Amino acid sequence: MLNFNQFILLLKGTLLTLEISVLGMLVGAIIGVIIGFLRASKNPIIKNISLIYVEIFRSSPLMIQLFIIYYGLPILFHFNVSPFVTAFIAMTLYISAYMAEVFKSSIEAISITQWESAYSLGLTYPVITMQIILPQALKIAVPPSIGVLILAIKDSSLASVIGFTELTRMSNVVRAQTFTTYNVYAIVALFYFVICYAISSIGIFLENKIGNNNT
Amino acid sequence: MEIMVKIKNVHKWFGKNHVLQGVNFEIKKEETVVICGPSGSGKSTFIRTFNGLEPIQKGEIMVCGYNVNVKNKKTIHKLRGEVGLVFQHFNLFPHLNVLDNITLALRKTKHMKKNDAEEIAYKFLNRVKLAEKAKSYPSSLSGGQRQRAAIIRGLAMNPKLMLFDEPTSALDPELIGDVLTLMEELSNEGMTMVVITHELGFAEHVADRVVFFNEGKIIEEGETKKMIHNPDNARTREFMGQICLK
């Protein structure tokens with residue numbers, strides 16, 4: 001079994017997994033809101049350009065995106081990036097594409113009559129967006145966003161391939177020390193499960209809370 | 001009397017569907033006009049052109065001295081601050097309490113301070129006996145309360161013209177009375193109003209004129225009593241007869 005030091009190593013990996021996922025989720029969600037509003041736009045040019053953005057980052061494997069950033073940036077711009085920065089950029093872009101679609105459908109789920117009554121009161125597009133549409137869209141977006149966050153935590157394991165020592169990478173380090181493959185991976189799987197289960201529970205709690213508030 | 005709305009030869013198409021087919025209309029200050037007609041006749045689309053909510057393809061619309069068909073956003077926002085529109089389904093903002101529903105446009109469109117906006121809001125809330133609901137969300141209000149809240153949301157803007165798009169059609173019969181009473185008071189106070197409704201009792205009581213809409217056109221308009229009881233046009237007579245039977 002694992003000794004204390006190895007256990008600490010796995011906890012450190014867990015912390016990095018959480019860090020990269022939550023950071024990627026925060027920045028990715030902010031970009032996602034903006035792209036989501038562009039996706040919901042009536043202007044066909046804006047709509048299609050934002051769709052291209054989404055398709056680029058959603059339709060190629062995260063691992064390939066990680067490689068492109070990690071090996072591509074130094075070649076193209078003579079600019080070295082650490083595994084952490086690489087993982088952060090890739091996760092953020094990847095998550096932003098998924099969140100853009102989440103926000104797009106949340107925005108479109110809000111009845112057109114909300115826009116109409118807001119416009120009829122003389123409110124401007126920025127005010128309507130920030131005060132009327134966004135608050136309602138955010139509520140609708142909570143359950144699918146929880147899904148994206150869980151996906152992000154599991155997919156962050158791919159960052160191990162560029163040497164970012166998150167939980168999966170750390171489990172390889174520990175495995176090399178203990179020579180017991182099976183035990184370590186089972187424990188790591190349990191770690192992932194506990195994190196994702198906790199997030200999912202928080203999600204259900206939030207969903208109920210929002211649901212009770214108003215409809 | 002000052003002319004509040006002057007509409008000349010307005011045409012609108014939804015794709016191939018010719019929904020407004022050359023409509024002419026005028027309303028003077030302090031007048032109350034009721035528009036009725038079968039569903040799908042374009043009457044709802046028609047009053048939504050008054051504040052630019054529905055763009056038109058041909059014709060001229062002057063409302064409160066603004067040329068609505070000019071694509072100038074500033075003009076349109078200004079105009080909308082002076083024209084209240086009340087919808088069939090209230091369209092309150094569900095994530096804001098009643099007070100914030102009323103004060104949002106006062107603060108953002110009229111650039112009022114929060115305290116001033118709330119003072120105005122409470123004045124109107126008291127008037128329609130909803131002051132104790134100020135901090136409630138729309139979902140906890142009855143249909144009649146929601147519609148009264150929606151009406152005073154418009155009134156708080158101190159509009160020169162109020163438009164009502166079937167304001168009582170979504171309400172239970174026993175909740176209609178309060179809303180109609182409020183509208184009658186407004187009319188008596190001299191508010192200029194255009195009301196789409198099939199409440200002929202209300203029309204007979206309140207309207208100066210009735211306009212009958214059919215297939216994208218005004219086919220008859222005139223003095224209220226005559227329009228309801230003895231219209232000239234056969235289609236109008238048929239429609240009024242059916243409504244009266246209900």
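This is a predicted model: local features need pLDDT of at least 70, side-chain atom pairs count only at pLDDT 80 or more; totals for chains, interfaces and linings use all residues.
Chain B carries nine helices and 10 strands. Its radius of gyration is 18 Å, close to the 18 Å that the globule rule gives for 246 residues, so chain B is as compact as a globular protein of that length.

**Confidence**

- The mean pLDDT of chain B comes out at 92, and 99% of the residues score at least 70.

**Overall build of chain B**

- Along its principal axes, the C-alpha trace of chain B spans about 55 × 45 × 35 Å.
- Buried residues make up 46% of the 246 in chain B.
- Looking at contacts in chain B with a separation of 6 or more, 64% come from residues 24 or more positions apart.

**The six-stranded sheet**

- Chain B has an open sheet of six strands with mixed pairing, and the order to trace is E6-E7-E8-E3-E9-E10.
- Strand E6 (83–86) and strand E10 (217–223) of chain B sit at the edges with a single partner strand each, so one side of each is left without a neighbour in the sheet.
- From one strand to the next, the twist averages 15 degrees.
- Inside the sheet, strand E7 (residues 161–165) and strand E8 (residues 192–196) of chain B run parallel and pair over five bridges.
- To find your place in that pairing, look at Asp165(B), which stands opposite Ile196(B) in E8(B).
- Helix H6 (residues 173–188) of chain B lies across strand E3 (32–36), E7 and E8 of chain B, and runs at about 145 degrees to E8(B).

**Where chain B meets chain A**

- The contact involves 19 residues of chain B and 17 residues of chain A.
- Helix H2 (73–82) and helix H3 (98–108) of chain B each put at least two residues into the side of chain B that touches chain A.
- Sorted by class, that side of chain B has nine nonpolar, eight polar and two charged residues.

**A closer look at helix H3 of chain B**

- H3(B) is mostly covered, with nine of its 11 residues buried.
- Among the buried residues of H3(B) are Val98(B), Leu99(B), Ile102(B) and Leu106(B), and the list also includes Asn101(B) and Lys108(B).
- What do these buried residues pack against? Their partners are helix H6 (125–155) of chain A, together with H4 and H5 of chain B.

- Most residues other than glycine have a negative phi.
- Lys129(B) is not a glycine, yet its phi is positive, near 55 degrees.
- You'll find Lys129(B) in the loop between helix H4 (114–127) and helix H5 (143–155) of chain B.
- Lys129(B) counts as exposed because it has 11 C-beta neighbours inside 10 Å, and the cut-off for exposed is 12 or fewer.
- Glu166(B) also has a positive phi, of about 45 degrees, although it is not a glycine.
- Glu166(B) belongs to the loop between E7 and H6 of chain B.
- Is Glu166(B) buried or exposed? Glu166(B) counts as buried because it has 21 C-beta neighbours inside 10 Å, and the cut-off for buried is 20 or more.

Key: Residues are numbered from 1 along each chain as its sequence is written. Chains are lettered from A and ligands numbered from 1 in the order in which they are written. Helices (H or I, at least four residues) and strands (E, at least two) are DSSP runs, numbered from the N terminus. The radius of gyration is taken over C-alpha atoms; the globule rule is 2.2 Å times the number of residues to the power 0.38. Two residues are in contact if their C-beta atoms, placed from the backbone, lie within 7 Å. Two strands pair if DSSP finds at least two bridges between them. Axes are lines fitted to C-alpha atoms, for helices over the stretch in contact, and angles run from 0 to 180 degrees between N-to-C directions. Ala, Val, Leu, Ile, Met, Phe, Trp, Tyr, Cys and Pro count as nonpolar, Asp, Glu, Lys and Arg as charged, and the others, Gly among them, as polar. pLDDT is the predictor's confidence in each residue, from 0 to 100.
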